[in-house]
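The following exercises are to be worked with the sequence and the coordinates at hand. Each task is followed by a stepwise solution.

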Amino acid sequence: MKYKTLKMMSLALMAVVCSCDKLHITQVGGPESESETVTSASLNCTAQAEEEDYQIFPMTSDGYRIGDVMPYFEPGTGEIFVYYLKDIWDDPSNERHPWYGFTTTNFHEYDDTCTDALLASSDQGCDQDFAVGTGSVIKKGGKYYAFYTGHNPNYPSGCVSKKEGVMLATSNWPNQQFTKKASFSTIYPPTGLGFDEQDNFRDPFVYEDTQNNEYVMLISARKDVNGTWKGVLAKYTSGNLLNWTYDGVLYDGGADNYFMMECAEVFKINSTYYLLFSDIDTKYVYYRKSSSANGPWSKPAGIERFEGKGIYAAKSVSDGYDRYLMGWTHVNIGHTDGGNPGWGGNLVVHKLYQKANGDLAVTIPHTVENHLETTPYSIVKNSQWGDVTNTQTGSHSYRLYSPADYDMTNVIFDPVMAERYEISATVNYVSSARDFGFMVGACDGWNDLFSLRFVPQENRFSFDKTNRPNLDASTVPDNDVPVTLSPGVDYNVRIVIENSMVVVYINDDVALSSRIYRAPGTNWGIFADHSDVTYTNIEVTTP
């Protein structure tokens, strides 16, 4: 059935459905399907008002969103401290991105580290840290050193000659306020070496290089590299965390030119060193590999990013056993799906691990998985369309066959009435000339829906808000992640939904974190467009 015919029949069906509470319809699919009586009710695709009761993807307890995160693990207590920039800018508190923090041991329960700011901005318009920016925390002896960005938006002015510099504050405990060290010499870009000497010098990350018995600091900067301005990572070294010496450029992007590589870090798993950074333009987190902490840095054998735009300014932390990646998923202005991305959002955490070939991959933290898979939720099928075959009696397992473009075979389910839940399924396709996947916020099953879709021809998984008839190869996805797709392969999918946060994990390999205000409390389902796909054991579970 082609698109125009399907559209007319779908509109007719919707008109009948909306005029009564229930309608029993019989739909006959292709030659391999059976006639089936399906109960269909009107569909709910209205976005609910944004809520603040997040547990898995927290925001602050007083309703503010979080910005750049700076995680630190405290071995003595087994807690992970998630320091973050609080999305405050010249509100009645007169703060500008102060540091606050969470503590957690399981990534589904978070406590505020302190009810007050752990590191506040200055109230003096001429001070370098009139606003506070991203940094990192490291422990030496019994003291905690917080290196942070001093950002003064009043630059340029008579008393502010540089917009950004690196500053220091210390504390005796990780959950107490940090005291700024006035005696510490603010680190500014090196002079006369081609750096942007007035701006773009931020996000210090400090780690201990035990092999060379020194500390290393990475700073995101901009520099003239052989006649081309590029984002670079400047390297500094120190023997005591107080006196620092410039030690060249650790990485300049190689053949790529990034305006700024923000929130960079270096860590080691087994014998491989990894460099992570966030591209300020695309909002993607990229990584590089090396056999040495000093490089040279090369792209991985596979994909160079394992997420979409939904985990910006990401940093990782190890608890001694596993490593976790943390970042923020942006809100939309006005808290609507049509709003532009805003600064700050909700915390999202992935488990980060090393694959056999040394590349990195992400999956759901096992503590979150166990938490979400506690209670089975009864799925109710609302309707289906096209060539649909139930492949396993007693389970929600379906083969969907669509023989042509815009012939949207689908199964739609009733809304899941839970605050937070996980949808899981195994997906396997025989052929696909277009796409297939999951739909949320479905006003119908063929046009007005948001899609979380596999696109085999482009080896990617994407989130798209574009109506189906307008979706083609030239459409820029709202969010996407590369994934190698092949027929006959099982793809294990987990979709975690909490209010407007939607995070998809595929084969414990890649993830896609998105803001979808239309996801909670609306009809959802599965679809195939010019594809032959089987969805096995579709389940919903809740804490």
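**Exercise 1.** Which residues do ring pairs link into a cluster?

Solution. The model is a predicted one. Begin with the whole structure, where a search finds 32 aromatic pairs. A pair requires ring centres within 6.5 Å. Next, follow the pairs from ring to ring: Y251, Y258, F277, Y284 and Y286 are joined in a cluster.

**Exercise 2.** Determine which charged residues lie over the rings of Y100 and F450.

Solution. For Y100, the charged end of K86 is found over the ring, 4.1 Å from the centre. For F450, the residue over the face is R518, at 4.3 Å from the ring centre.

**Exercise 3.** Explain why the radius of gyration of the protein chain agrees with that of a compact globule.

Solution. First, take the chain length of 543 residues, for which a compact globule would have a radius of gyration near 24 Å. Then compare: the protein chain has 25 Å, and therefore agrees with the expectation. The C-alpha trace spans about 80 × 45 × 45 Å along its principal axes.

**Exercise 4.** Describe the secondary structure, burial and contacts of the protein chain.

Solution. Count the elements: the chain holds two helices and 34 strands. Turn to burial, where 58% of the 543 residues are buried. Finally, among contacts with a separation of 6 or more, 58% involve residues 24 or more positions apart.

Technical notes: Residues are numbered from 1 along each chain as its sequence is written. This is a predicted model: local features need pLDDT of at least 70, side-chain atom pairs count only at pLDDT 80 or more; totals for chains, interfaces and linings use all residues. Side-chain values use heavy atoms; hydrogens and water are left out. Rings of Phe, Tyr and Trp (its six-membered ring) pair if their centres lie within 6.5 Å; planes under 30 degrees apart count as stacked, over 60 as edge-to-face and the rest as tilted. A charge sits over a ring if NZ of Lys or CZ of Arg is within 6 Å of the ring centre and within 35 degrees of the ring normal. Helices (H or I, at least four residues) and strands (E, at least two) are DSSP runs, numbered from the N terminus. The radius of gyration is taken over C-alpha atoms; the globule rule is 2.2 Å times the number of residues to the power 0.38. Buried means under 20% relative accessible area, exposed over 50%, partly exposed in between (1.4 Å probe, protein chains only). Contact means heavy atoms within 4.5 Å.
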